Amino acid sequence: MVTKVQIRSQFDLLSDLTNHFIDDLMQCDYSKADYYQLPDIDSNDEKIVPQSINVTKITGATGQKLILNSFNDIYKKSGLSSRVLKRHPGLLVIKNADQKQLVARIQQLNKAKAAFKECILAIDNNDARFEAVHNAIPNLITLAAYRKIHFEVSSPFSVRFTWMHKHATKTLTKKMALAMLEKSAGYSNPRMIDQLSWQTLVAQEQLRVASLGDKDKLRIRRPTRVSPQVNVRYTAQNRYHVSAALPFILINPEPDVKLGTLSDYQKPQSHPRKREYDFLVDRLYLEQVDK
């Protein structure tokens, strides 16, 4: 069983390493410090999916300060959503750094983040996990503490920003899906629908799932909020992208690396590769997986 002392010990190590990392960055010379400030999400607005997001670009010494502060932004703030996490896209270009030492520090910190996450997830009950974490570290937003710090030491062709639409996916068996529907049949939302109509709706969903074969695979493919990402390119074939939830660190690059900016987000009216989904249960984004 994971104890309060274990949680606190792992977190204290994570905090110490984060502060050492920030101190290291403060000692480094930099050629660019761009921070892209996104609007705060009020706790009353966390279920609203934005059609647009305004980005404020902050550069120079102020940008550097905001970049450094972002690595310690892991606590709930009064009035702001703790479900929709604050994202901190940015780019810090370090020059003339002790590359080996800085990379070792980042890897050590990311390892501590992974160990802290593993410690928390060892508590398999969600309610017990929440209680244990917030008893040990009040107001901590665990997902914010887990965030990996991304960096690059090789000199790529370009580092650019974009917005990504993601889906949260979960694979289910027919039995698991029916159990989920059985559980939801007991829920109620009198503001939206009366209980009898709700149970009738769920019963129809249960019939659709029950008609499938026992070996059929199902998947929940739930859309999530749009999020900023960093695209790192070497060649047309050699490229990768990572989350921009935290600033990206580019260490000792060549001067000709092309650096992009994060533009305002505007939800596209249509997308040429958009796929129409035929959900078994629209409410849960539950679909049958093609064999």
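## A tour from two loops to a sheet

Start with Asn252, in the loop between β11 (248-251) and β12 (258-259). This is a predicted model. Check the backbone of Asn252: phi is near 50°, a positive value in a residue other than glycine. Most residues other than glycine have a negative phi.

Next, select Asn96. This residue lies in the loop between β4 (90-95) and α3 (99-121). Asn96 is exposed, with a relative accessible area of 68%.

Move along to α3. The helix has 23 residues. At 1.5 Å a residue they should span 33 Å, and the end C-alpha atoms are 33 Å apart, so the two values agree.

Now colour the buried residues of α3. Among them are Leu102, Val103, Ile106, Leu109, Phe116 and Ile120. Asn110, Lys113 and Cys119 are buried too. What covers the buried residues of α3? The cover includes α1 (4-27), β4, α4 (126-136), α5 (142-146), β5 (151-152) and β11.

Last stop: the sheet. Select β10, β9, β6 and β12, in that order; they form an open sheet of four strands with mixed pairing. β10 (239-243) and β12 stand at the edges. Each has a single partner strand, so one side of each is left without a neighbour in the sheet. Zoom in on β6 (residues 158-164), which pairs with β12 in the parallel sense over two bridges. Here Ser158 stands opposite Lys258 in β12.

Conventions:
Residues are numbered from 1 along each chain as its sequence is written. This is a predicted model: local features need pLDDT of at least 70, side-chain atom pairs count only at pLDDT 80 or more; totals for chains, interfaces and linings use all residues. Side-chain values use heavy atoms; hydrogens and water are left out. Buried means under 20% relative accessible area, exposed over 50%, partly exposed in between (1.4 Å probe, protein chains only). The expected span of a helix is 1.5 Å times one less than its number of residues. Contact means heavy atoms within 4.5 Å. Two strands pair if DSSP finds at least two bridges between them.
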